[in-house]
Amino acid sequence: MTNYETSMRSHRCGDLRVDDVGKEVTLCGWVDRRREHGEHLAFIDLRDRSGVIQVVVQGAADLRSEYVLQVKGKVRERPSETVNNSLDTGGIEVEGSEVVVLAESEPPPFPIDDRTDVDEVLRLRHRYVDLRRSRLQNNLQSRALVTSSVRKAMEKQGFVEVETPMLVASTPEGARDFVVPSRKDPGSFYALPQSPQIFKQLCMLGGIDRYYQIARCLRDEDLRADRQYEFMQLDIEASFVNGEDIRDIVSSAVSEATEAVTGEKITTIPSMTWQEAMERFGSDKPDIRFGLELVDLTDLFKSTEFRAFQAPCIKGIRVPGGAEYSRSRLDELTDKSQNWGAKGLAWIKIEDSEMVSPISKFLSEEEKTSLKSKMSGEEGDLLLLVADEWSTVCHVLGLVRLEIGKPPINEGGFHFLWVIDFPLFEGTDENGNPSSSHHPFTMPHEDDLVLLENGETEGIRSLAYDLVLNGWELGSGSVRIHRQDIQQRIFTALGIEPDEARKRFGFLLDAFKFGAPPHAGFAVGLDRLTAILVGEENIREVIAFPKTQSGSDPLTSAPLPVDDRHLKELGLKVLPPST
């Protein structure tokens with residue numbers, strides 16, 4: 001056990017045990033609770049980061065909740081009838097002989113316990129108080145353990161920790177940059193890094209063949225439960241490796257972190273192609289803890305006379321026992337499906353060996369029989385179908401699947417999954433150019449290079465891979481482009497003109513001329529990993545000082561306007577918001 005002895009305390013409150021009975025100790029901590037016992041005797045629950053211990057004191061009338069105390073006294077056993085088995089220290093107490101008030105406290109803005117629900121904005125406004133709660137204390141200790149474990153795992157695998165710049169040039173990534181105006185060069189701006197991507201690739205060109213960093217990254221994107229403006233990631237890059245090598249390295253690191261926090265060993269992490277994930281689960285970050293897989297029904301209805309099913313793609317989900325769903329529940333699922341982009345959601349109940357549904361009369365007996373067989377439908381089941389374009393069908397049914405079956409974040413253990421062979425491009429930008437699925441430095445699949453050479457973008461796979469845990473994307477990575485000619489082709493496909501590419505990435509393109517090794521990398525979101533391991537549905541609960549979902553900081557009131565003098569010094573003028 002670590003020795004916490006200092007000039008002000010000999011032990012931590014939660015570290016004392018029955019073996020310490022008879023010892024003279026000095027403790028420091030906060031008054032968690034006070035209970036009067038007679039006119040001059042009181043029981044104080046004294047709390048610090050390690051836990052709580054009961055202290056018996058004389059004349060405690062002036063001691064209030066959250067006062068900071070130093071207590072000197074002797075450890076003794078509690079009477080058997082007062083033992084508290086819910087506490088590690090519940091079999092002992094300290095008979096206080098001297099109590100010093102180190103700091104007084106006003107009544108806290110909310111109770112310091114985990115049994116009371118408190119408005120989040122109020123908690124964040126007084127985060128220094130909120131952090132005293134055992135839930136937050138445990139979460140942050142688990143987070144520190146995750147960081148320590150992955151750092152040890154990387155060093156054990158021969159990686160060197162390198163810090164990369166926080167003030168960089170703006171790059172075309174998936175989210176907006178946070179920009180920083182330059183005082184020395186008015187009208188020019190730095191960007192805060194969305195990731196250390198370019199610099200870690202330059203480390204590979206510099207011969208640092210195994211780089212890692214616990215990196216702070218910043219993205220100006222809409223916030224939600226698994227996103228913050230600023231976040232931490234385990235960032236790695238290695239030379240003379242392929243994608244499988246990187247996945248093995250990352251698997252080792254996250255497995256060690258998982259075992260350190262939860263005690264659960266992760267032996268192997270399975271892989272699945274992006275295409276298979278979309279076909280079976282309707283998601284590129286599938287939660288594989290439960291079934292409700294998508295079944296392709298397109299061929300079954302290829303000659304149907306039901307106009308709603310005359311679509312490029314039809315898929316369905318079988319919900320065991322779902323025939324019990326009420327009409328209001330089915331209407332709710334239908335409304336959500338339409339909001340997610342579907343024209344509708346067809347439902348069929350199997351009751352008394354009949355296919356009960358508003359659409360039954362439009363289906364032939366052969367279609368009904370084949371549908372029941374294809375979906376392995378049984379008595380009491382519910383069948384949910386969507387007909388539309390392939391991407392819409394997968395997307396909507398993937399969300400319906402989660403709406404129906406997704407368990408709490410860490411229920412049923414930790415199910416990691418590698419998703420590989422992502423499309424190189426997806427969607428288009430406002431100029432009609434294809435967009436990178438991951439980033440513009442991702443190597444195309446070797447078998448699909450001919451498509452790129454022919455100027456095609458449809459159907460090109462990338463050597464990219466994501467790590468998924470219980471339906472959350474933990475991070476992304478890829479084999480990088482190390483050849484200047486391929487990198488230039490990618491820029492061209494993305495609509496990045498040579499002059500613009502030279503302006504933004506000239507230093508990287510020039511570096512490729514001087515012997516670029518094959519290399520690949522990955523980044524794991526440590527906020528997300530920690531949240532899942534400790535059972536939190538929101539990463540704000542594992543970050544010491546997070547922003548709200550609106551992006552504000554109730555503690556410091558950020559963001560705030562900058563005074564005119566500072567704006568003038570930076571050569572900036574604030575315009576009124578556009579309407």
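**Aromatic pairs and an open sheet**

F491 and F505 are both buried (under 20% relative accessible area, 1.4 Å probe, protein chains only). The model is predicted: local features need pLDDT of at least 70, side-chain atom pairs count only at pLDDT 80 or more, and totals for chains, interfaces and linings use all residues. Residues are numbered from 1 along each chain as its sequence is written, and side-chain values use heavy atoms, without hydrogens and water.

The whole structure holds ten aromatic pairs (Phe, Tyr or six-membered Trp rings with centres within 6.5 Å; stacked if the planes are under 30 degrees apart, edge-to-face if over 60, tilted otherwise). In one of them, the ring centres of Y465 and F522 are 6.0 Å apart and the planes lie at 20 degrees, so the pair is stacked. Y465 belongs to strand β20 (residues 464-469) and F522 to strand β22 (residues 519-525), so parts 57 residues apart in sequence are tied together. Both Y465 and F522 are buried. For F491 and F505, the centres are 5.0 Å apart and the planes at 10 degrees, so this pair is also stacked. F491 sits in helix α11 (residues 484-493) and F505 in helix α12 (residues 498-511). Helices (H or I, at least four residues) and strands (E, at least two) are DSSP runs numbered from the N terminus.

Strands β20 and β22 belong to an open, mixed sheet of eight strands, ordered β6-β9-β10-β22-β21-β20-β17-β11. Pairing requires at least two DSSP bridges between two strands. The edges are β6 (160-161) and β11 (271-273). Three bridges join β11 in parallel to β17 (residues 416-420). T273 stands opposite I420 of β17.

Key: Buried means under 20% relative accessible area, exposed over 50%, partly exposed in between (1.4 Å probe, protein chains only).
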